[in-house]
Amino acid sequence: MRLSRNELLFIVLGAVLGALVASGVSAGFISTDGALPPFAIVLIGLGFVELALGYVMGRPLGTLVGMPARFLAFVAGVCIVLASANFA
């Protein structure tokens with residue numbers, strides 16, 4: 001399976017979003033045991049990114065990237081959060 005350019009960019013955006021969430025956790029803006037855990041913030045952020053990019057590119061919802069790319073983007077973001085956050 002080959003990933004398209006849109007899918008590769010989406011995976012990179014997932015990693016960047018994970019880095020932003022990890023910096024928010026390190027700075028104390030995001031609580032690890034709060035009502036909305038960091039991995040949920042990454043997931044919701046990826047959804048908003050896909051909605052915004054789909055709207056800008058004029059594509060119907062859910063057709064911008066495939067499911068494997070969504071999964072890889074989520075895993076990349078969560079792995080960055082887990083690798084750099086202070087989880088007890």
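Q: What follows helix 1, and what is its phi like?
A: Gly 28 comes after helix 1, and its phi is positive, near 95 degrees. Bear in mind that this is a predicted model.

Q: What span should helix 1 have, and what do its end C-alpha atoms give?
A: Helix 1 covers residues 5-27, so its 23 residues at 1.5 Å a residue should span 33 Å. The end C-alpha atoms are 33 Å apart, which agrees.

Q: Which residues of helix 1 are buried?
A: Glu 7, Phe 10, Ile 11, Gly 14, Leu 17, Gly 18, Val 21, Ala 22, Gly 24 and Val 25.

Q: And what do they pack against?
A: The buried residues of helix 1 pack against helix 2 and helix 3.

Q: Take Ala 22. Why does it count as buried?
A: Its relative accessible area is 4%, and buried means under 20%.

Q: What is Ala 22 in contact with, leaving aside its neighbours within four places in sequence?
A: Ile 80, Val 81 and Ser 84.

Q: Switching topic: how do helix 2 and helix 3 pack?
A: Helix 2 (residues 38-57) and helix 3 (residues 67-84) pack at about 140 degrees, with axes 10 Å apart. The two are therefore oblique to each other. The crossing is right-handed.

Q: Which residues make that contact?
A: From helix 2, Pro 38, Phe 39, Val 42, Leu 43, Leu 46 and Glu 50; from helix 3, Arg 70, Ala 73, Phe 74, Gly 77, Val 78 and Val 81.

Q: How do they divide by type?
A: The contact of helix 2 with helix 3 has nine nonpolar residues, one polar and two charged. Val 81 of helix 3 is one of the contact residues, and Val 81 is also in contact with Ala 22.

Technical notes: Residues numbered from 1 in each chain as written. Predicted model: local features only at pLDDT ≥ 70, side-chain atom pairs only at ≥ 80, totals over all residues. Heavy atoms only, no water. Axes fitted to C-alpha atoms, helices over the stretch in contact; angles between N-to-C directions. Helix = DSSP H or I, 4+ residues; strand = E, 2+ residues; numbered from the N terminus. Parallel < 35°, antiparallel > 145°, perpendicular 65-115°, else oblique. Left-handed = near helix turned anticlockwise from the far one by under 90°. Contact = heavy atoms within 4.5 Å. Nonpolar A, V, L, I, M, F, W, Y, C, P; charged D, E, K, R; others polar. Expected span 1.5 Å × (residues − 1). Buried < 20%, exposed > 50% of the residue type's maximum accessible area, 1.4 Å probe, protein only.
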